[in-house]
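Welcome! Have the structure open beside you and try each exercise before you read its solution.

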Amino acid sequence: MPDIATMADRKRLSVRGVTHSYGGQNAVSDISFDVEAGEIVALLGPSGCGKSTVLRAIAGLIQPKAGKIILGDDDLAHISARSRGIGMVFQNYALFPHLTVSENIAYPLACQKVPRVERKARVEEMLALVRLDGYGNRLPRELSGGQQQRVAVARAIAARPSLLLLDEPFGALDRALRFDLQVELLHLQKTLGITTLIVTHDQEEAQSLANRLVLMNKGNVEQIDTPMAVYDRPKTLFVNTFIGQANMLHGTVAALEAASTGIVLENGSSLRLPRRLNFTVGSRVTVTVRPEEVRLSSQPGENTLPATVTVSVPLGPSLVHDMVLTDGSGLRAAEVRGPATVIPEPGMTLFAEIDTARCHVFPAIPETIPSSEH
Ligand SMILES: Nc1ncnc2c1ncn2[C@@H]1O[C@H](COP(=O)(O)OP(=O)(O)OP(=O)(O)O)[C@@H](O)[C@H]1O
């Protein structure tokens, strides 16, 4: 293995209370999270939630209004963008079009005044790492989108950064190619052990690449957890509906027992949850249930809602049913398909059984009431 394997000076990134506004309103408020040395973390959230602003602050492209960013032992406020030892990859490749692939990769090394002979060796090493040996003399326009993005990655790591920042790096590529590059990146990151922060709005990308996710919404952090914990134990309604799919049922807490809670839904049906929720009787709530937690039956029973099938679509190994409840709201169910699975006819009325042991309950107006499952 080339010496690049030991090249990364593993450093921990710590973001503490970062706040920034471009004008009046804060684009991000009090953002705090850590990326452990050698870890890969994804900043995930919808467009405009402030992900790139956090990345720009770490890279030194903007000076945050408040907060601290520490890389290793260094407070980055005192270090220029150039001297931070950070490699960056953007969505639009940002290669120099008039420089060859080798010259592009060598560029940050030349800026660092790395001697010519070492520069050449390092470029060859990088080309091999991103599987582009023999492409050094080409111009960027003579490469495919995926190859250009590999050059961008090679250029970002050539200078042996202690932190790699990726801003929607595969956003411009088609799905299949994106997946290939994600696998490659993961392999490269593991080999080199570079502390990595990736910004994406694509939840699948974030879940497949990152050890931990930082979920952002409207300039705030909503949850920091492993991909599985975020899916299974979402702390807010936003996280629950942003990661994976979730049906929402609105209702009111009607009864609280020692080990169960009764909820009357707006459509008139009722649910009994096998645990006592931390709400008062009369609280308006939103119950969320993932499609795989809805089971269809031909008979009514406890925790079932009458539902009329709109359409049932086979999606690979699953069968997805879109249905309408009696109040006109939609409900989606998904089941694993087997040889005996019957596809219901559109218009058929069935009973959707809600898995109340797995569903989540949030305050009905999450903006005004502190979040989390009760
Ligand atoms: N240079 C700027 N001047 C003024 N407002 C800005 C500027 N850059 C970003 N904003 C605003 O700050 C907020 C956060 O933007 P940011 O680019 O950080 O979000 P994002 O989550 O990265 O979005 P996207 O996924 O669309 O890139 C948005 O409301 C955006 O309009």
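This is a predicted model: local features need pLDDT of at least 70, side-chain atom pairs count only at pLDDT 80 or more; totals for chains, interfaces and linings use all residues.

**Exercise 1.** Decide whether helices H2 and H4 are roughly parallel or oblique, and list the residues that make their contact.

*Solution.* Step one is the geometry: the axes of H2 and H4 are 7 Å apart, and the packing angle is about 25 degrees. Step two is to classify that angle: angles under 35 degrees count as roughly parallel, so H2 is roughly parallel to H4. Step three is the contact itself. H2 brings Val101, Asn104, Ile105, Tyr107, Pro108 and Leu109, while H4 brings Val151, Ala154, Arg155 and Ala158. Sorted by class, the residues of this contact are eight nonpolar, one polar and one charged. Finally, the handedness: H2 and H4 cross in a right-handed way.

**Exercise 2.** Now bring in helix H3 (residues 116-129) and work out how H2 and H3 cross.

*Solution.* Helix H2 spans residues 101-111, and its axis comes within 9 Å of the H3 axis, with a crossing angle of roughly 130 degrees. That angle makes H2 oblique to H3. On the H2 side, the contact is made by Ser102, Ile105, Ala106, Leu109 and Ala110; on the H3 side, by Arg119, Arg122, Val123 and Met126. In this contact of H2 with H3 there are six nonpolar, one polar and two charged residues.

**Exercise 3.** Complete the set with H3 and H4: at what angle do they pack?

*Solution.* H3 and helix H4 (residues 145-158) pack at about 135 degrees, and their axes are 9 Å apart. H3 and H4 are therefore oblique to each other. From H3 the contact takes Arg122, Met126, Leu127 and Leu129, and from H4 it takes Ala154, Ile157 and Ala158. The contact of H3 with H4 has six nonpolar residues, no polar ones and one charged.

**Exercise 4.** Describe the residues around the ligand and sort them by class.

*Solution.* First, find the shell: Tyr22, Ala27, Gly45, Ser47, Gly48, Cys49, Gly50, Lys51, Ser52, Thr53 and His201. Then sort the shell: three residues are nonpolar, seven polar and one charged. Last, look for the biggest contributor: helix H1 (residues 51-59) supplies the largest share, three residues.

Definitions and conventions. Residues are numbered from 1 along each chain as its sequence is written. Axes are lines fitted to C-alpha atoms, for helices over the stretch in contact, and angles run from 0 to 180 degrees between N-to-C directions. Helices (H or I, at least four residues) and strands (E, at least two) are DSSP runs, numbered from the N terminus. Angles under 35 degrees count as roughly parallel, over 145 as roughly antiparallel, 65 to 115 as roughly perpendicular and the rest as oblique. Two residues are in contact if their C-beta atoms, placed from the backbone, lie within 7 Å. Ala, Val, Leu, Ile, Met, Phe, Trp, Tyr, Cys and Pro count as nonpolar, Asp, Glu, Lys and Arg as charged, and the others, Gly among them, as polar. A residue is near a molecule or strand if its C-beta atom, placed from the backbone, lies within 6 Å of it. A crossing is left-handed if the near helix is turned anticlockwise from the far one by less than a right angle, and right-handed if clockwise.
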